[in-house]
Amino acid sequence: MADTTRITVTLPTDQVVARQLRHQFLGADLLRHQEEQGSFTVEELAEAHSRIFGTAEAGGPASAT
């Protein structure tokens with residue numbers, strides 16, 4: 001069994017709500033883009049992965065779609 005560490009964070013409710021709203025709006029924007037432009041290509045997903053995580057690794061989440 002792997003060792004684990006429990007971390008508890010307390011945040012102001014407004015901050016948590018704002019984060020949830022940003023994620024909902026981002027998801028809606030991404031869906032709207034795909035409806036208008038078509039599904040994201042493997043290349044687009046790899047570029048997004050690279051921008052977010054610094055590198056697009058072969059076999060990673062971007063290449064699974």
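**Confidence of the model**

In which helix of the protein chain is confidence lowest, and in which is confidence highest? The mean is lowest in helix α3 (residues 61-64), at 46, and highest in α1, at 96, where confidence is given as pLDDT, the predictor's own score for each residue from 0 to 100. Over the protein chain the mean pLDDT is 87, and 83% of the residues reach 70 or more.

This is a predicted model, in which local features need pLDDT of at least 70 and side-chain atom pairs count only at pLDDT 80 or more, while totals for chains, interfaces and linings use all residues. Residues are numbered from 1 along each chain as its sequence is written, and side-chain values use heavy atoms, with hydrogens and water left out.

**Helices and the glycines that follow them**

The protein chain contains 3 helices and 0 strands, and along the sequence the pattern reads α-α-α; helices (H or I, at least four residues) and strands (E, at least two) are taken as DSSP runs and numbered from the N terminus.

Helix α1 has 25 residues and spans 36 Å from its first C-alpha to its last, close to the 36 Å expected at 1.5 Å a residue, the expected span being 1.5 Å times one less than the number of residues. Helix α2, with 12 residues, reaches 16 Å between its first and last C-alpha, close to the 16 Å expected by that rule. After α1 comes G38, with a positive phi near 95°, and after α2 comes G54, whose phi is also positive, near 95°.

**Surface and exposure**

Of the 65 residues in the protein chain, 5% count as buried, where buried means under 20% relative accessible area, exposed means over 50%, and partly exposed lies in between (1.4 Å probe, protein chains only). The protein chain exposes about 6,100 Å², of which carbon and sulfur atoms supply 55%; accessible areas come from the Shrake-Rupley method with a 1.4 Å probe, and for residues only the protein chains shown count as cover.

I7, V9, L11 and V16 make a nonpolar surface patch of about 380 Å². Patches are built from residues with over 30% relative accessible area and no salt bridge, joining like charges within 9 Å and nonpolar side chains (Val, Leu, Ile, Met, Phe, Trp, Tyr) within 5 Å.

**Salt bridges within the helices**

A salt bridge is counted when a side-chain nitrogen of Lys or Arg lies within 4 Å of a carboxyl oxygen of Asp or Glu, and by this rule there are 2. D29 pairs with R32, the closest N and O atoms being 2.7 Å apart, and both residues lie in helix α1, 3 residues apart, about one turn of the helix. D29 is partly exposed at 39% relative accessible area, and R32 is partly exposed at 43%.

The other bridge joins the side chains of R51 and E47 (2.8 Å, N to O), which are 4 residues apart in helix α2 (residues 42-53) and therefore separated by about one helical turn. An α-helix has 3.6 residues a turn, so residues three or four places apart point the same way. R51 is exposed, with a relative accessible area of 69%, whereas E47 is partly exposed at 43%.
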